[in-house]
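Work through the exercises below with the model open. Try each task before reading its solution.

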Amino acid sequence: MTHLPPPPYPPIEPTTFDLIIVGTGLPESVISAAAAASGKSVLHLDPNPFYGSHYASLSVPDLISFLNSNSTPPTASTTTTDTDTLVHAIVGLTTRRLYSDVEISSYSPELLEELSRKFNIDVAGPRVLFCADKCIDIMLKSGASQYVEFKSIDASFVGGENGKLWNVPDSRAAIFKDRSLSLMEKNQLMRFFKLVQAHLAENEDAKQEEGEERENTRISEEDLEIPFVEFLTKMRLPPKIKTIILYAIAMADYDQENMGASKGILRTRDGIDRLALYQSSVGRFSNALGAMIYSIYGQGELPQAFCRRAAVKGCIYVLRMPVVALLMEKSSGCYKGVRLASGQDLFCCKLILDPSLKIQSPSVSPSDPLHGSLKSLSMRDVKRKVARGICITRRSLKSDVSNLMVVYPPQSLYPEQLTSVRVLQIGSNLAVCPHDMFVLYFSTLCDDANQGKKLINAAISAVVSFPDSVNPDSSSKVTNETIGEGKTMLIWSASYIQEQTMDQDQLDSINFTPMPDGSLNYDDVLDAAVKIFEMMYPNEVFLPKTASPENFEGNGDKVVRATKTIKLDIMPGVDDGETIKVARCGGADPDRNQNGDLFVTIKAILGGTIQVPTLTGDVVLKVSKQEGQTIFDDLNCRNLTPSQRELIEEFAKEERGEFDKRAAGASR
């Protein structure tokens, strides 16, 4: 990677630190925040003029510059292994070529040039956060969440043959509302989710259930070890439902039906864990009803949030400052410090390097203590590849949805497709692009560049129209009917292959962080960061919880939570999802003048009692059923049959049980 000459920085003081980190990607930033919170003196450097490194969100010109500079052949610094100093050997660093096959196309140059600086485009998209995943928990625990805001991904779809998109029902209520599922399919899916929830509930608190019930609801150890696709077949789920579960909820990367060719066969145990993450994410936050959220201004806000947290704890930040060499002790071969591009030498106990850096091959004698240390670090190799694509368009893939996810399972784009392709559309309401524009991210795992580019081009052809009949891949069998409202017109596109380094490499006091992987969320990246931190500081707590003050009202009195009952008359003809306002039955205002209004969303079919959470307590509402008719139109009937009533009652029972669990968790 080529860098502009660094500006004339004054010398960095002090010159000795507990930890020096090079690169401000997400894993480096998390480790920086954790080390600073543990009282370590930390210096955090980055050769780039921006935060985020390979996890950054950049304008169009900056993105092109970043990809091109990181796709050129590796360049070595002018500093080589030099043993002329009295104590230290100076070992040069070189950059690695982590991006290749970069292709940039602009179909409306004038428009893009005018607006190019108004985009925040992710280098490593598509990426989202599940509302219940590790990244959210770490941000809440560390206090980094106060520096970033999120919005919900509105809908998820699965791309099928002949261009059809199947909606992904992410909750039991969504299953009932989904018109694309037959009543039998809804019943099968509901029973499967019930089994999964019962299994998970028993694992969490087996003492609260009777032994006989645990035996009947628990998935056997034998079934937990078989391929997940076999378990779904054993449950007699139809092919469409299996595809949705495998690739849009469990997020399997490889073809699960092709045992011979597939590399990543998902076990039932792992599949159940992924379903648990997805289901526990749905509705966790009141302003994000779906399972997934995305950070406003792009994923580059995440590393910046942890950097801000580290700065609060005393971490020093310097951008535009490359590290050109390592200082190694001659006698022992142990690491001692770094040399900056400014010429200054800094010393530290431990060092973390960005994955784009590589230690030059040793030029010392094999008998020298440095030889063994340097040889192992200079031979780092890539693990696999991720093909990525980016498109800027003028209309949404779905006219009524701004932010959405589409998964193209294996064989949905062409018969030889062995891996899933994920597509994430982000609109202007997340401040990543100008008004009335959208950014689409594509990614898939691949063995080589040709395979990866074919997959990305096929997915792009499935969802966009190219001006002047330009089509990067004529082999795709997806037609113009791919999107119900028609394909969206393309303004600009980029595609590239990103290398994946090993999860983490370590020698003595030097650690390398990983490149972004092909996962949709950040769990694997954070696991690597935690592992590095624990190897460096085994006796320290990783990101100790930040004390947060309790919520108090304006006059200093503490808010008291309580339960009260309110009777509410439901008029005949009300539809599911409608909202009713109950005046002066909400929470108290800060000055205690009067209560606010309570807004109740109707979710009842057969009547009964429902609990509604409010800011100051749970409200119990008694709802009468509507005789002789249903609220859900998608059942397509005026009167319920006994089997339909039984199914809906089962649904209502599970809904009440799920609410009780959430309420119990919130009260802890």
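The model is predicted.

**Exercise 1.** State how many helices and strands the protein has, and what share of its residues is buried.

*Solution.* Start with secondary structure: there are 16 helices and 29 strands. Next, burial. The cut-off is under 20% relative accessible area. Of 668 residues, 53% count as buried. Then take the surface. The accessible area is about 30,000 Å², with 49% of it on carbon and sulfur atoms. Last, contact range. Among contacts between residues at least 6 apart in sequence, 70% join residues at least 24 apart.

**Exercise 2.** Find the largest nonpolar core and the residues with the most contacts inside it.

*Solution.* The largest core holds 75 residues. Phe-119, Phe-192, Phe-228 and Trp-492 have the most contacts within it. Helix H10, residues 239–249, gives the largest share, 7 residues. Another core lies apart from it, with 40 residues, including Leu-26 and Tyr-537. Now zoom in on Phe-119. Beyond its neighbours within four places in sequence, Phe-119 contacts residues including Leu-58, Val-60, Ile-392, Pro-434 and Met-437.

**Exercise 3.** Describe the second largest pocket: what are its volume and its lining by class?

*Solution.* The volume is about 790 Å³. The lining has 36 residues. By class, 15 are nonpolar, 8 polar and 13 charged. Closest to the centre are Asp-253, Arg-274, Asp-517, Ser-519 and Asp-524. Finally, assign elements. Helices H11 (268–281) and H15 (523–536) each supply at least two lining residues, as do strands S17 (382–393) and S22 (488–501).

Key
Residues are numbered from 1 along each chain as its sequence is written. This is a predicted model: local features need pLDDT of at least 70, side-chain atom pairs count only at pLDDT 80 or more; totals for chains, interfaces and linings use all residues. Side-chain values use heavy atoms; hydrogens and water are left out. A nonpolar core is a set of buried Ala, Val, Leu, Ile, Met, Phe, Trp, Tyr and Cys residues joined through side-chain atoms within 4.5 Å. Buried means under 20% relative accessible area, exposed over 50%, partly exposed in between (1.4 Å probe, protein chains only). Helices (H or I, at least four residues) and strands (E, at least two) are DSSP runs, numbered from the N terminus. Contact means heavy atoms within 4.5 Å. On a 1 Å grid over the protein atoms alone, a cavity is a set of points where a 1.4 Å probe fits but cannot get out, and a pocket is an open set with protein on both sides within 12 Å along at least five of seven lines; lining residues have an atom within 4 Å of a point. Grid points are joined across faces, edges and corners, and a volume is the space filled by probe spheres set on the points. Ala, Val, Leu, Ile, Met, Phe, Trp, Tyr, Cys and Pro count as nonpolar, Asp, Glu, Lys and Arg as charged, and the others, Gly among them, as polar. Accessible areas come from the Shrake-Rupley method with a 1.4 Å probe; for residues, only the protein chains shown count as cover.
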